[in-house]
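Dear colleague,

Please find below the structure that I am handing over to you. My notes on what was found in it follow directly after.

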Protein chains: 2
Amino acid sequence: MMTLKPFPLTRQAFAIYGEVLEAEGAEHFITNQGLAMRFNDLARIDVEAEGGAVKVSVFKTKARPTPIRLELMERHPLGSQIFYPLQDRPWLVVVCDDPTDGASFRAFAATGVQGVNYARNVWHHPLLALDHDSRFLVVDRKGPGNNLEEIKLGETYAQIA
Amino acid sequence: MMTLKPFPLTRQAFAIYGEVLEAEGAEHFITNQGLAMRFNDLARIDVEAEGGAVKVSVFKTKARPTPIRLELMERHPLGSQIFYPLQDRPWLVVVCDDPTDGASFRAFAATGVQGVNYARNVWHHPLLALDHDSRFLVVDRKGPGNNLEEIKLGETYAQIA
């Protein structure tokens, strides 16, 4: 069994998979009668293929049992997908270039003020929350067509260190 | 000076202004390998007028000084706008049908697990956070055209009870 060690989630490290949505280091300006900073336009929303449109949902999830075992990966051929934590709790992100190539897997430790936008067609693990009753805002695609591919990882893969 | 008393934010009470984004009472199904509930498709995203597209941003805001005085209202003629709290903190929502008609103003007390989507052209007050360093995820419109109308309320309006 392969063991993945999570690295800190940074824009640079995640760039080939999509965007990290966070205030730090983002373009911003003052708004809201001078009281707020707007960290602007943080994600490339890509949902319009084959008649798709944006959908906003809330996930409420249990914690992953530990040690966390990765049993499948998925991707969305027709749309990008944002997960943003709603409680300032750390969580995990796992992506890969090729689910049949263990060397291509990457695990990232996201903070509670970091969301991610998986680009269209990027292989990623389903949501990995570390605490019970964790909520996330999800911005993804609705519309016709098959927007889900899943691949089971079998006995080989993987656990998070 | 008019004083507005906030009422609890409910889907029904807010329906003529847009949607309340919350898990409670929403259509949902199990996902994420059985670990999560997805409260699905909570908002009518309406940003495509005049070549618009969806934009996702983070707001970091100071608390409103109390007593909270309302000095202006705004609306977005080309797009809907979601605000969703990122820290499970209560906040306030103020809307009206006509900013020149005090009787049309409504204040709502939103919980920390309720977001709102202001429908296109709905008059609303800029973001009203009650605590310092409050963060919100915002889903609104980018694109050409003038998407902001503001009206100053003058001496008349209003404070929150």
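In this predicted model, chain A and chain B bury about 3900 Å² between them, and carbon and sulfur atoms give 54% of that area. Buried area here is the accessible area (1.4 Å probe) that two parts lose on being put together, summed over both. Gln33(A), Leu35(A) and Arg38(A) supply 17% of what chain A buries against chain B, more than any other three residues. The contact, defined by heavy atoms within 4.5 Å, takes 47 residues from chain A and 46 residues from chain B.

Residues are numbered from 1 along each chain as its sequence is written, while chains are lettered from A and ligands numbered from 1 in the order in which they are written. Local features need pLDDT of at least 70, side-chain atom pairs count only at pLDDT 80 or more, and totals for chains, interfaces and linings use all residues, with side-chain values based on heavy atoms and with hydrogens and water left out.

Four salt bridges are counted between chain A and chain B, a salt bridge being a side-chain nitrogen of Lys or Arg within 4 Å of a carboxyl oxygen of Asp or Glu. One of them is formed by Asp140(B) and Arg38(A), whose closest N and O atoms are 2.7 Å apart.

Four elements of chain A give two or more residues to the side that touches chain B: strand S5 (36-39), strand S6 (53-61), strand S8 (81-85) and strand S14 (134-142). Strands (E, at least two residues) are DSSP runs, numbered from the N terminus. S6(A) gives the most to this side of chain A, with eight residues.

S6(A) also pairs with strand S5 (residues 36-39) of chain B, in the antiparallel sense and over four bridges; two strands pair if DSSP finds at least two bridges between them. Within this pairing, Phe59(A) stands opposite Arg38(B) in S5(B).

Some backbone details also deserve mention. Most residues other than glycine have a negative phi, and most peptide bonds are trans. The bond joining Thr66(A) and Pro67(A) is cis, with omega about -10°, and Pro67(A) is found in the loop between S6 and strand S7 (72-75) of chain A. In chain B, the peptide bond from Thr66(B) to Pro67(B) is cis, with omega near -5°. Asp133(A) has a positive phi, near 50°, and is placed in the loop between strand S13 (128-129) and S14 of chain A.

As to confidence, the model scores ipTM 0.96 and pTM 0.97. The mean pLDDT (the predictor's confidence in each residue, from 0 to 100) of chain A is 96, and 99% of its residues reach 70 or more.

With kind regards
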